[in-house]
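Hi everyone, thanks for coming. Let me put the structure up, and then we can walk through a few charged pairs together.

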Amino acid sequence: MLNLGEVQTCDKNEEVVTARAEKYPNVESVLEMIRTRGEIGLPLSPGQMNKGKYTAPDLHKAGIRLCGTWKKAIEAAGFDYAEMLGKARSRYPTAESVIREIQDRHKNELPLNAPDVSYHRGPHRNIAFYNAAKHQFGSWRVAIESAGLNLAKVRPGAKRRYPDKMTVVTEIQRRKESGLPLNGLALFKGEHKDGVLHKYAQEYFGTWPIAVEAAGLSYEEVRCKPPRRYPDKEAVVAEIRRRKESGLPLNSGALSVGEQEYRDSVLCAYGKEYFGGWFAALEAAGIDLDEVRWRLSRRYPDKDSVIAEIQRRHRAGLSIKYSKISDGGKHADSALLASARELFGLWGKAVDGAGIDYKKLLREYRRYPWKESVVAEIQRRASVGIPNDCASIAHGNNSDAALRHSALEYFGTWAAAIKATGLDYTAILNRIRKYPDGASVVEAIRQRAESGLPLNTASLNYKQHGPGTLVKWGREYFGSWQASIEAAGLDYEKIRIQGRSRKYPDGESVIAEILRRKKSGISLTALTKGEYRDPTLRVSGCKYFGNWQGAMKAAGLDYERVYIRTSGGRKYPDKPSIVFEIQRRVAADLPLYARALLIGENKDAVLYAYGKEYFGNWPAAIEAAGLSTDAVFPKRKRIYPDKESVVRAMQERAEAGLPLQINTLCRGAHRNSVLYKCLMEYFSSWKACIEAAGFSPRELGYKPPRYPDKTSIIAEIRRRKKTDLPLNGLAVAKGVHLDLMLHNYGQKYFGTWQAAIEAAGLSFDEVRSKPIRRYPDKASVITEIQRRKETGLALSGLAIAKGEHRDKMLHSYAQEYFGTWTGALEVAGFSFEEVRSKHPRRYPDPASVVTGIQRRAKAELPLNSTAVSKGKRNDIMLYKYAKEYFGDWERAVTAAGLDFGKIRKAGFKKYPSKQSVTKEIRHRHESGLLIDFAGVFKGDVRDRTLHRYALEYFGSWHDAVVAAGIDPDAIRQVRNAKNEV
């Protein structure tokens, strides 16, 4: 219950402000209104307070503001929050209420099909009713049938406005005679729109232009081409001269992004398109470029003006830090920044040019400019009791990102910064730990056991009673959670068993759930996908009954009848039907290559699948239809096969007035990515291609690279060395003082960044950044090994490299300093035999290996060496110990009394010959399993390996069935009869 006294002691200033702006100035007014709504029966749930017929959003906001949460406000008013939510969540709490609503709607002749009830906007929509029906019965169909109705009768049949091609053609001709537009845009957005006509035209004819031409019209005549505002070069020149006479600006910036009254981006775009660039368009209009260059109208046109402004800002006490100049704040000046970067290259150089030391300035701007300031702040935090661990510095109410950043920069790590202050970092960490030692973990475990709270790891890590840190620190102090439980004097096995809660604990629960789903009409095939999936049911069924088919039979259901879908027969039942469809597609000029059949607009994946089944592969089906594969699968020809074609294409673009710059070839309205790709392939650079085409790269806006040769790279490296800028590869490519172009061109000219550094006369070892070693010497490794031994952590090589408390760095440095991990343990005063983890052998002697081989032979598992060591049913330990005891696998198999020659010859093939394939087909037929393509290739009893080897040995599945002495037509008749049942 909410304490009104505590609520009313809010911030007085906030209460005064809200009292003026809100209708509910205090807690009493909110609670009085809540009680009033409750007495007259108005809803009080959060959703209904903001949406619906009886909303009161102001009351809801005031309740949260004054009481903390809406739940506290409801309880303070004397209502049960959980009961109130239960009433609001469902108007149909039971299955009977849903059935009663369905019958009432049927009597009143209201629609009962799912779209009208659920998501179609209309007067009869009731989403709450639809969701309640699905929740109570599993699906809308089952709910309708439970009410004694037939869904097929209450679902209205959809009537097509244009049922066939002829109606579409007739409507197109009628629109043409009536003078109505026929372009695609008018059909969707115009006054005489008809989106349904466009939709069915695409469905019947593939595209709208084909439908228009099928109606005897020319699509070029009916399509809508908007007139160009500036149709040719003369119109652009005339508009430029008009703007010049009117005194309007002509620089590209004013035309593209300037003030609205002077903007004309269309003129700028067409000027670039017709003339190749805006300056060229101005020259064609006879305009002097110096008069319109935007640099002359800059606020800071030259270096002197930039320096003067920087000095003025510095004298006035305004910040000249880069972030303050560019952040868009009150004292930002983007024009100053842009001019400084263009004229000086970098903002720092511009500040230095104004006589101000930019590096010193940055130090002054920092909160912690020196190591001493970082140390002083850490000591101050410790003196006032503020936590100094790394997590508290980075996150939370006491975080200080600037302090952390400066500490990492000056000291390398936060721990090193703490040590520099003279504080004990280990004590700081122990102070914030919830469980600082093993005794606190044991005490917490005993308290949970006395309170009846679960102690299994799943509950502690994921469920509502779980402080996951208890498991973490228990494993750290005792080595494992089991050891922690036993240290507290509890039985670990009982705790582990109590934690288990299977959804289906036995076979009877699986059968009961299968029968419930069958009775409710819920699918028993879609257990892994869909709205009603239940993969746990399938896994449990396979566990208790061997496989899902056995679980279905145990529930008294016909597995074949449940899983066979009524498909109404094959679309292409035999080879002649495939040949006929291929020839029909040729007559209709439809594509026949595989990609078009699987993905394209005229796809027919069923034709492709059955063509491969009957003929072995798709080209064989094409040839059986009397066609040439060369005609069906045409080879692609290169648009630009050589250098001359690329040069010719560039010249044609210039004649057509299209831009030639490299960025316009890659993107924009006039891009040609194929031309750009071939250009780079033949000429290696855009500049070489432009020169080969007879143009000047400089006139087209070509800018030479920032570092054109090796000399410029060496000069820049030496300059960075003089100015104390970092030269290691990471800092140059990603750091604060990055210069990615320098790094890239350095690698391009010298092969590697190291070679570029050495070419500049510097030592690469001096400039590279060496990481701080976690274990810098032998003593640190020995100390860590002894610490792990004292805390009870495992010290075997496997536990160090892969275990829960692994430390790969420790293992690596131990090998580096001592040669082996065993040598490091001996120097630390431990025997390797004491710490190694010994596991019992799975096959302790040769007799157990022989028994294992014979067991695999009885189970008909493959025994060739590849299958045993790498296959799906492998047993690597059996293979390993067989080689250890017998020398090789062949001797082990022979010792088990088996013929190794036959095993090796059989190899990995499940069906090594034609006879094995036909035998398996007959076996499936006698067992009552389907042996048609769908039955073998799909479903739970599929055997795709059988299908693959049948195609390999016989060419098609049809021929394999015939070779097994079975009539394929009889198989199809049996399948169709089962479908009808």
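Let's start in helix α23, residues 303–315, where Arg-312 and Glu-309 sit 3 residues apart, about one turn of the helix. Please keep in mind that this is a predicted model. These two side chains form a salt bridge, and their closest N and O atoms are 2.7 Å apart. In general, side chains of opposite charge can pair when their charged atoms come close.

How accessible are the two partners? Arg-312 is partly exposed, at a relative accessible area of 38%. Glu-309 has a value of 12%, so it falls under the 20% cut-off and counts as buried.

Now on to helix α28, which covers residues 371–383 and holds both Glu-377 and Arg-380. They too are 3 residues apart, about one turn of the helix. Their side chains meet in a salt bridge, 2.7 Å from N to O. Glu-377 is buried, with a relative accessible area of 13%, while Arg-380 is partly exposed at 40%.

My last stop is helix α51, residues 710–722. Why are Arg-719 and Glu-716 separated by about one helical turn? Because they are 3 residues apart in that helix. Here again there is a salt bridge between the side chains of Arg-719 and Glu-716, at 2.7 Å from N to O. Arg-719 is partly exposed, with a relative accessible area of 31%, and Glu-716 is buried at 13% relative accessibility.

And how many salt bridges turn up in a search of the whole structure? That search finds 9.

Note on methods. Residues numbered from 1 in each chain as written. Predicted model: local features only at pLDDT ≥ 70, side-chain atom pairs only at ≥ 80, totals over all residues. Heavy atoms only, no water. Salt bridge = Lys/Arg side-chain N within 4 Å of Asp/Glu carboxyl O. Helix = DSSP H or I, 4+ residues; strand = E, 2+ residues; numbered from the N terminus. Buried < 20%, exposed > 50% of the residue type's maximum accessible area, 1.4 Å probe, protein only.
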